[in-house]
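Have the sequence and the structure at hand while reading.

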Amino acid sequence: MNYRLAYLSEAWVNWCPQMGTVLANEEVKDGVSERGGYPVERKLMPQWSLRIMAYANRLLNDLDNIEWSESIKEAQRNWIGKSEGSSLRFGVSGMEFSIEVFTTRPDTIFGVTFLTLAPESELVPQFTTSENKKAVDEYVHYAKNRSERERQSDVKKVTGQFTGAYAIHPFTGEKLPIWIGDYVLAGYGTGAVMGVPAHDMRDFSFAKHFGLQIKKVIQPNSPSPLEKGQGDEAGCFDGKEGKCINSDFLNGLEVKDALKKIISEIEKRGLGKGKTQFRLRDAIFGRQRYWGEPIPIYYENGIPKAVEEKHLPLELPQIDKYLPTENGEPPLARAKNWCYRPDVGICSPSLVERGLGGEVELTTMPGWAGSSWYYLRYMDPHNKNEFAGKDAMNYWKDVDLYIGGAEHATGHLLYVRFWAKLLYDLGLIPVVEPAKKLINQGMIQGVSSIAYCFIRASGGDSYPTNLLPRVFLSKGIAKRFSNNTPSAADIGLVDAVRKKINLQIQKTHPNSTITLDLIIPIHVDINLVKEEVMPVGEFKKLNEEYGNAEYILEEDKFYCESIVEKMSKSKLNVVTPDDICTNFGADTLRLYEMFLGPLEQSKPWSTAGITGVSGFLNKFWRLFHVETKISNIELREEFKVSEEEPTKPELKILHKTIKKIQQDIENYSFNTSVSSFMIATNDLQGLKCNKRAILEPLVILLSPFAPHIAEELWGEGKLGHKDSITYATFPVYNEAFTADDSFAYPISFNGKMRFNLELSLSLSPAEIEKEVLANPQSIKFLEGKQPQKVIVVPKRIVNIVV
RNA sequence: GCGGGCGUGGCGGAAUUGGUAGACGUGCCAGACUUAGGAUCUGGUGCCGUAAGGCAUGGGGGUUCAAGUCCCUCCGCCCGUACCA
């Protein structure tokens with residue numbers, strides 16, 4: 001608060017009535033809450049916000065200095081949404097005040113034919129003429145009550161209303177009608193735009209819809225972009241490659257030159273100024289829920305004041321219910337003692353006197369408050385005085401590698417950068433970026449089972465909807481209904497069910513009839529479904545609410561659809577790794593997950609192939625043991641490792657593996673590591689190698705991948721070490737052991753590989769060429785022709801062009 | 001619309017700076033040891049063809065001695081975002 005980083009203001013917020021809380025922009029998806037999927041509406045509320053916009057430029061520019069995935073960087077760039085342009089004031093005809101707009105294309109100023117304001121704009125009532133008042137009020141009411149979801153789902157629908165007032169063109173003095181329209185957002189820029197229909201798609205569709213004038217002021221340099229536009233888009237050119245026309249003193253200028261000239265002209269005439277606008281909004285910091293850090297602010301005579309440091313941290317008070325109060329206050333309003341006096345600390349309301357203390361803030365911090373800085377605490381977790389000491393922070397500095405989900409691109413991952421900068425500015429941490437490198441790990445997805453059923457309702461004297469039986473449809477039938485191509489048989493089946501239900505409900509509600517219309521998907525527990533077939537009996541048993549449901553089958557079976565999506569409890573598609581741990585061990589699970597593919601890739605969980613990894617670990621184990629057959633069914637296993645000197649081929653296998661694993665770890669390419677371990681094990685098994693000098697380094701290499709088996713082989717009773725393998729030093733790669741003295745050259749003719757030829761690596765390219773051409777096989781493939789050119793790449797390939 | 005990513009056998013996926021496409025694993029086929037095999041081991045397995053050979057990295061075109069890799073173009077899939085003036 002003291003640094004003007006946090007402030008209290010009336011702000012339009014995403015209010016979610018069902019959850020009783022405000023949500024951040026990124027917590028809202030498609031007009032509903034990301035968690036729970038409840039509707040969200042826009043509401044003006046006093047809110048604590050953090051001034052992240054003050055950091056917009058730095059958050060944008062510093063992206064160039066960090067090794068984060070391009071997709072995350074790009075998402076953040078878009079979210080910050082920097083655009084450069086100019087502010088510009090339009091006078092209102094017959095009124096004292098003016099309307100300010102922000103535009104990135106002031107060069108099109110002579111093409112302005114109207115202004116549009118957001119319906120929420122406070123200016124609207126001030127200039128609306130009396131004859132338009134009723135229509136405007138109606139429109140504003142309509143627009144405000146149109147949920148975000150509707151607003152977003154039909155972007156194409158053009159709505160708006162003329163206010164009756166006119167603005168004055170600052171250069172030509174023309175009268176421009178002032179409209180309101182919900183394509184203009186209240187929260188961006190000034191909530192008002194200048195309409196240039198000839199050169200902006202949105203203005204264009206608005207103008208076309210309401211029959212407003214369209215005035216062309218940019219002549220495209222190449223005619224194609226204009227002609228390309230088809231149907232509704234024809235006639236609008238929003239590109240920047242063109243020259244100004246019909247534009248007074250701008251005529252003949254290229255757009256980019258016109259931009260400079262018009263901005264200086266606007267500034268000279270005092271109509272506005274060059275300006276940079278960001279899409280990023282300040283971050284709303286209050287949440288109307290219980291679980292969150294309390295905000296250390298109290299209100300003395302209505303003035304917010306900070307709780308003194310000696311009283312920090314505030315702890316959440318006990319309350320009876322974690323729900324908002326009846327009159328809509330946050331849950332903290334239920335606390336009995338939630339007042340503060342600077343001399344006492346948290347206290348009961350009775351201790352608050354006039355001018356001394358007051359109620360403590362009732363909202364709590366959002367989830368990202370803690371996630372934005374907790375990593376700093378890890379550097380010095382036992383420090384009692386500060387979140388982390390200077391020495392610790394100078395030692396650890398930033399996070400070397402952050403592995404996290406891509407879904408936090410514009411939430412947590414932007415805020416954590418913001419906080420780092422903020423703490424750096426306050427001199428509290430030594431770095432401006434929290435993490436040098438970031439990798440998005442892929443998600444293991446689940447395969448969900450979907451059963452389709454009708455949304456049911458009843459007409460007539462309305463049988464209660466929740467008591468109406470559900471009607472489930474087997475996959476094929478549901479698909480045909482969804483595509484509007486049900487067969488006669490399908491319709492017959494549904495009608496039969498409809499009649500049956502009607503008979504049943506009409507016993508109590510004689511005029512009621514069921515309507516079956518839309519089909520919705522319902523997740524079914526995947527443990528129930530085998531090969532897309534759902535046993536209806538068991539399903540009914542497990543789900544009471546579907547006990548009286550009707551099931552329309554195909555070939556006497558109820559089929560579900562399988563879809564791949566995020567693995568999640570709510571989707572009933574969770575596979576626990578417990579069975580795999582029990583049957584194969586935790587090492588196998590760990591190794592298998594690595595072996596599935598690149599770290600960044602998401603893929604559905606499938607255990608096909610897990611036996612390969614398990615088999616590898618068994619094979620690796622057997623390198624250290626001899627098995628003696630006691631009887632037909634019993635084997636005795638005995639640890640046996642030889643102290644003999646390793647041979648050249650054995651050392652070669654080891655050192656090739658060391659090199660590969662080292663590279664793979666540096667590249668986070670764990671799937672290929674697993675395969676090189678398999679290769680090494682197969683090769684050593686082939687050589688029947690059980691030498692300590694080879695196996696011991698190999699166990700160390702394997703230990704980060706399969707820690708349990710490695711630790712066991714390393715310890716007493718096996719390789720006999722006292723300390724944990726964790727402390728063993730990583731083997732050193734020695735090139736001498738892997739060097740070859742010959743290479744099997746692939747010999748190709750016109751780029752097609754024909755045969756291999758083993759040649760010494762000491763040969764010069766000319767000697768290689770000679771050897772190759774003299775080879776009987778080459779002669780065969782040359783078919784008596786003269787080679788035009790021979791390309792020799794040492795240790796790679798020989799290509800003969802014929 | 002815009003932005004990011006991706007497309008290779010039946011499947012998961014390998015392939016340094018352009019240099020033997022399909023490593024490794026599954027699956028499948030055959031065999032060995034077995035009362036048995038969901039254990040273990042051996043061999044085979046991209047497609048067409050008896051073979052020689054030909055064709056193959058989403059489709060088409062280009063650069064190159066040589067292209068999964070580079071360039072152009074089209075198609076498809078996934079993720080993010082959405083009236084930002």
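## Helix α20

In helix α20, the buried residues (under 20% relative accessible area, with a 1.4 Å probe and protein chains only) are Asn 671, Ser 673, Val 674, Ser 676, Phe 677, Met 678, Ala 680, Thr 681 and Leu 684. Their cover includes α17 (586-595), α18 (610-623), α19 (648-666) and α21 (692-702), where contact means heavy atoms within 4.5 Å. Helices here are DSSP runs (H or I, at least four residues), numbered from the N terminus.

The model is predicted: local features need pLDDT of at least 70, side-chain atom pairs count only at pLDDT 80 or more, and totals for chains, interfaces and linings use all residues. Residues are numbered from 1 along each chain as its sequence is written, and side-chain values use heavy atoms, without hydrogens and water.

## Length of α20

Helix α20 has 17 residues (670-686), so at 1.5 Å a residue it should span 24 Å; the end C-alpha atoms are 25 Å apart, which agrees. The expected span is 1.5 Å times one less than the number of residues. Just after α20, Lys 688 has a positive phi of about 55°.

## Packing of α18 and α22

Helix α18 packs against helix α22 (residues 707-714) at an angle of about 10°, with axes 12 Å apart. The two are therefore roughly parallel, a term for angles under 35 degrees. Leu 617, Phe 620 and Trp 621 of α18 meet Ile 709, Glu 712 and Leu 713 of α22.

## Packing of α2 and α12

Helix α2 (residues 70-80) and helix α12 (residues 412-425) pack at about 75°, with axes 10 Å apart. They are therefore roughly perpendicular, which covers 65 to 115 degrees.

Note on methods. Chains are lettered from A and ligands numbered from 1 in the order in which they are written. Buried means under 20% relative accessible area, exposed over 50%, partly exposed in between (1.4 Å probe, protein chains only). Axes are lines fitted to C-alpha atoms, for helices over the stretch in contact, and angles run from 0 to 180 degrees between N-to-C directions. Angles under 35 degrees count as roughly parallel, over 145 as roughly antiparallel, 65 to 115 as roughly perpendicular and the rest as oblique.
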